[in-house]
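Some notes on the model follow, as requested.

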Amino acid sequence: MTFFDEHGQIVYQVPKLGLSISDLERMDLVVAVAGGHTKAAAIEAYFKLPPAPTFLVTDEGTADTILKK
């Protein structure tokens, strides 16, 4: 699992079974799940240039924070 900051830079990685950001380039569709208004900046950074078409699943507070900018 990889965590990103508002600039899209990796800030923390946890060794788990999963995908890296480079794996997403080969995907036809990505479903991203992220929540918490403190993650809004990192979510926005990802969506500036996502490597594949991406749907975001998030909570209302995070969505409000992103949409109010």
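1. In this predicted model, a nonpolar patch on the surface is formed by Leu29, Val31, Val33, Phe55 and Val57. Together these residues have about 510 Å² of accessible area. Strands S3 and S4 are the elements that give two or more residues to the patch.

2. Leu29, one of the patch residues, is found in the loop between strand S2 (10-13) and S3. Its relative accessible area is 45%, so Leu29 is classed as partly exposed, a class that lies between the 20% limit for buried and the 50% limit for exposed.

3. Helix H1 covers residues 40-48, and its buried residues are Ala40, Ala42, Ile43, Ala45 and Tyr46. What do the buried residues of H1 pack against? They pack against strand S1 (2-4), strand S3 (30-33), strand S4 (54-57) and H2.

4. Thr62 lies in helix H2, which spans residues 60-67. Is Thr62 buried or exposed? Thr62 counts as buried because its relative accessibility is 0%, and the cut-off for buried is under 20%.

5. The side chain of Thr62 reaches the backbone nitrogen of Gly36 at 2.8 Å. Leaving aside residues up to four places away in sequence, Thr62 touches Gly35, Gly36, His37, Ala40 and Ile43.

How values were computed:
Residues are numbered from 1 along each chain as its sequence is written. This is a predicted model: local features need pLDDT of at least 70, side-chain atom pairs count only at pLDDT 80 or more; totals for chains, interfaces and linings use all residues. Side-chain values use heavy atoms; hydrogens and water are left out. Helices (H or I, at least four residues) and strands (E, at least two) are DSSP runs, numbered from the N terminus. Buried means under 20% relative accessible area, exposed over 50%, partly exposed in between (1.4 Å probe, protein chains only). A polar contact is a pair of N or O atoms within 3.5 Å; within protein, one must be able to donate a hydrogen and the other to accept it, and residues adjacent in sequence count only if both atoms are side-chain atoms. Contact means heavy atoms within 4.5 Å. Patches are made of residues with over 30% relative accessible area and no salt bridge: like charges are joined within 9 Å, nonpolar side chains (Val, Leu, Ile, Met, Phe, Trp, Tyr) within 5 Å. Accessible areas come from the Shrake-Rupley method with a 1.4 Å probe; for residues, only the protein chains shown count as cover. A salt bridge is a side-chain nitrogen of Lys or Arg within 4 Å of a carboxyl oxygen of Asp or Glu.
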